[in-house]
Every structure is written in C-alpha cells, then in structure tokens.
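Subject: Structure handover

Hello,

Here is the structure for you to look through. Please open it first, then read the notes below it.

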Amino acid sequence: MKIAVFAGSFDPFTLAHQDLVERALPLFDKIYIAVGVNSAKQGLLTVEDKLYTIQAVFKDHPAIEIVSFEGLTINFCKKVGANFLLRGLRNTADFEFENSIAQNNLLLAPQIETYFLMSRSGLAHISSTIVRDVWKNKGSIAQMVPAEIDDFLKNK
C-alpha cells in the first residue's frame, strides 16, 4: 500500500492545500493530512478546529485521514507506515526551504521519499499567513479557502 503524509500547521487549510491533496489522490492509496501540534505557537485555529474543518472538506474521501501529531514528521510517517511525504511548492523560495528539509529527512529515514507537487496556476499566491492576515482585517477569504473553512471562520 502506498501511504503518504501531508503535514503542516494548516492554519487555516487553503484551496492550495486542497488542490494539492486532490491531485495527489491518484498517486497514493492513502493520504494522511497530519496537523502538526506546536504548543509554543498560538494560531488562528485550535488543533481541534483544524481537524474538524479539514474533515468537513474531505468527508467524502475515504482514502484521506485527518490526524494531529507532535514531534518529527518523519517519526509520524514511521508510526503510520508511510513511505512518502507530500509537499507543495509555490515558488523557488519554497523549493530551497523544502529541499533542505527533504535532504535531512533522507538522512533520518532513507526509506521515506518526499514527493513535491507544484502549486497550480492561480493558487500559488495563497498561503495560510496571507489568509490569516486578510481574515483578521475583515477581508473576504472566500476565494482562498474551501467553503467549509470560510463558513466556519464566519461563525467564529
């Protein structure tokens, strides 16, 4: 079974994240969307809110499981039997950052391969940081996040 982990803070989960997961579905038998827990970081959403909203987005996708984890992503991969890490790239800065992480992950766990997917045109400008800033300043995020996330934040 080909199992991938797509890990991140997902604060909040964006249309770019959703697109990446949906495009990766044909490549893997199962994808874990793994919400990293960093107790030192105060975000827009709680871990529970992130899990709830992402589960709402993928409620009709049995090959996708949404979970939280602490510690090294590579250790979580080992725990769930994943041999692949899924990462998105928006630009060359992302490539430089992600490449360094992938190289170090290979040192820690050579059996786990990182797969990179480029952001689709029209979504590469979306980041959780920008979404948080627009939302905090009362702007519309409807074109940056799945409807389930937008609805949740409207009621927050």
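First, a term: buried means under 20% relative accessible area, exposed means over 50%, and partly exposed lies in between (1.4 Å probe, protein chains only). A second one: helices (H or I, at least four residues) and strands (E, at least two) are DSSP runs, numbered from the N terminus.

This is a predicted model, in which local features need pLDDT of at least 70, side-chain atom pairs count only at pLDDT 80 or more, and totals for chains, interfaces and linings use all residues. Residues are numbered from 1 along each chain as its sequence is written, and side-chain values use heavy atoms, with hydrogens and water left out.

**Helix α1**

α1 is mostly covered, with seven of its ten residues buried. They are Ala16, His17, Gln18, Asp19, Leu20, Val21 and Ala24. Leu15 also belongs to α1. Its relative accessibility is 24%, so Leu15 counts as partly exposed. The C-alpha atoms of Leu15 and Ile149 are separated by 9.7 Å, yet the two residues are 134 apart along the chain.

Thr14 caps the N-terminal end of α1. One of its side-chain oxygens lies 3.2 Å from the backbone nitrogen of Ala16. For reference, a polar contact is a pair of N or O atoms within 3.5 Å; within protein, one must be able to donate a hydrogen and the other to accept it, and residues adjacent in sequence count only if both atoms are side-chain atoms.

**Strand β1 and its partners**

Five of the six residues of β1 are buried, so β1 is largely enclosed by the rest of the structure. Two strands pair if DSSP finds at least two bridges between them. β1 pairs with β2 (residues 30–36) in the parallel sense, over six bridges. Ala7 has Ala34 in β2 as its bridge partner. β1 also runs parallel to β4, and two bridges join them. Here Ala4 stands opposite Phe84.

β1, α1 and β2 make a right-handed β-α-β unit. Right-handed means that, with the strands pointing away from the viewer, the path from the first strand over the helix to the second runs clockwise.

Most residues other than glycine have a negative phi, and most peptide bonds are trans. Which residues depart from this? A cis peptide bond joins Asp11 and Pro12, with omega about 0 degrees. Pro12 sits in the loop between β1 and α1. Phe10 lies in that loop between β1 and α1 too. Phi of Phe10 is positive, near 45 degrees. Phe10 is buried, with a relative accessible area of 3%.

Lys138 is not a glycine either, and its phi is about 65 degrees. Lys138 is found in the loop between α5 and α6 (147–154). At 76% relative accessibility, Lys138 counts as exposed.

**The largest pocket**

The largest pocket holds about 1,400 Å³ of space. On a 1 Å grid over the protein atoms alone, a pocket is an open set of points where a 1.4 Å probe fits, with protein on both sides within 12 Å along at least five of seven lines; lining residues have an atom within 4 Å of a point. Of the 48 lining residues, the closest to the centre are Ala7, Gly8, Ser9, Phe10 and Arg87. α4 gives the most to the lining, with eight residues.

Best wishes

Key
Points joined across faces, edges and corners; volume = space filled by probe spheres on them.
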